[in-house]
Amino acid sequence: MNMVKLTFYGGVNEIGGNKILIEDKKTRIFFDFGQSFALGPEFFTGWLEPRAINGLGDYFEFDLLPKIKGIYAEKLLASTGLPYVKPRIDAVFLSHAHFDHVNPIQFLDPAIPVYLGEGTKLFLECMEDTSPMCSFGKHAYHKFRTGDRIQVGDMVVEPIHVDHSIPAAYGFLIHTSDGTIAYTGDLRTHGPRKDMTEEFAEKARHSEPVAMICEGTRMVEAEQRKNFSELQVESLSDKLVSSTDKAVFVARYSRDVDRFRSFHNVAKRNNRRIVVSPKTGYLLTKLATDKHLNLPDLLHDNSILVYYKRKKSGRFEEGDYYAWERQFMDRMATYEDVHKNQNELIMDLDFYQFAELIDIKPGLGSHFIHSMSEPFSEEDIEDAIMHNWLKHFKMHFHQLHASGHINKEDLANLIRLVKPKRVFPVHTENAHLFAKYMPDLKDRMTLTEKEKEYKI
Ligand SMILES: [Zn+2]
């Protein structure tokens with residue numbers, strides 16, 4: 001016993017940035033290798049960001065990534081004091097494709113293999129294909145599906161699918177010499193695939209885990225924000241769309257395809273078509289290759305149009321667009337098309353694309369559904385600007401969102417069901433509230449500290 005060690009290099013007292021090292025005898029595996037949501041906000045903001053030319057130098061200057069030997073790529077260490085040594089990590093397992101779980105894998109030694117869900121690989125490829133600066137590095141990528149058992153040295157890792165705001169999200173059962181450790185990744189119980197989260201919980205319970213590494217995004221004293229289930233978002237949107245003959249615009253997280261599906265359903269039910277960006281078009285075509293995701297295929301579904309902004313010549317010519325954008329030009333909706341057919345469309349409109357409204361000229365009393373988290377602070381500048389635009393165009397604002405994360409009550413029920421011997425909260429700003437809201441489990445809670453080694 002006591003062969004297994006846990007160290008948390010991120011995700012401690014913060015939402016995101018999970019980097020969890022599990023060691024069993026000579027085997028060392030990272031579970032997630034994510035970036036903190038606020039990347040050194042005391043030092044970087046907007047366009048003032050770490051320079052790529054300095055490799056890991058700018059990150060190490062402000063302790064934005066852990067200074068550990070044997071994990072990073074040799075050339076990125078050149079300008080740092082950390083000497084390069086051959087990899088001391090056997091693998092990295094990714095729970096899902098959100099950047100706070102995956103982004104810094106680009107800095108890892110390419111010799112370290114990366115294990116990820118089939119769908120997660122599609123998401124990473126999409127980002128690389130459509131964002132010129134994006135590259136996750138040339139690792140050996142091993143794809144898994146739910147229920148696989150993957151032996152890496154002394155550990156066996158069993159990924160089990162969970163429901164989250166991006167498809168291909170997994171929790172892990174990590175079978176070690178000291179027993180099983182359950183890691184939740186990010187999950188929820190109020191989404192369209194809550195059955196997957198239940199399956200994870202059931203299998204975790206069955207494995208009688210010695211430890212549970214558990215997300216706690218919504219572990220707060222009192223929840224201030226409105227949160228619906230995915231079904232409620234769909235039915236409330238349906239109610240709105242069916243009662244108006246005006247344009248309806250939607251801002252949602254671009255990779256939340258459950259939300260896309262909800263609005264696609266609403267559009268079809270109301271004889272409207274849905275307008276997406278070329279980036280979403282590209283993502284949908286890619287994800288359509290994975291039948292498990294059960295998404296509409298843009299190339300065969302005429303209810304989906306693709307919005308092309310004016311670029312370069314301003315005349316919507318093929319050469320104005322990137323090669324990956326061009327494949328949907330036969331589905332093109334321009335600002336004029338949207339203007340003319342506004343009562344027959346539901347259009348994705350991201351905050352950063354708001355200038356398109358100047359061309360589209362939405363009719364008075366059009367609707368804007370903000371289908372994302374409410375702002376974190378009352379002084380949120382972008383939120384104020386968004387409302388200025390809506391006021392300018394005399395549009396109605398609606399807040400309709402379902403969180404990607406489990407709420408406090410369901411989380412307590414999940415932990416009680418799984419019955420782990422110990423709980424390590426991660427991905428939360430309020431680890432201390434775990435004990436407060438689960439007094440019956442107080443003795444099992446560990447107030448995780450960053451970079452401290454825990455034996456189980
Ligand atoms: Zn996530």
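**Close-up views: a mixed sheet and its aromatic neighbours**

**View 1. A mixed, open sheet of six strands runs in the order β7-β8-β9-β10-β11-β19.** Strands are DSSP runs of E with at least two residues, helices are runs of H or I with at least four, both numbered from the N terminus, and two strands pair if DSSP finds at least two bridges between them. At the edges, β7 (150–152) and β19 (423–426) each pair on one side only. This is a predicted model, where local features need pLDDT of at least 70, side-chain atom pairs count only at pLDDT 80 or more, and totals for chains, interfaces and linings use all residues. Residues are numbered from 1 along each chain as its sequence is written, and side-chain values use heavy atoms, leaving out hydrogens and water.

**View 2. Strands β7 and β8 (residues 155–162) run antiparallel, joined by three bridges.** Look for valine 152, whose bridge partner in β8 is methionine 155.

**View 3. Phenylalanine 351 and tyrosine 352 form an edge-to-face aromatic pair.** Their centres are 5.2 Å apart, with 70° between the planes. Rings of Phe, Tyr and Trp (its six-membered ring) pair if their centres lie within 6.5 Å; planes under 30 degrees apart count as stacked, over 60 as edge-to-face and the rest as tilted. Phenylalanine 351 also pairs with phenylalanine 354, at 5.7 Å between centres and 55° between planes, so this pair is tilted.

**View 4. The charged end of lysine 408 sits over the ring of tyrosine 437, 4.0 Å from its centre.** Here NZ of Lys or CZ of Arg must be within 6 Å of the ring centre and within 35 degrees of the ring normal. Lysine 121 likewise lies over the face of tyrosine 141, at 4.6 Å from the ring centre.
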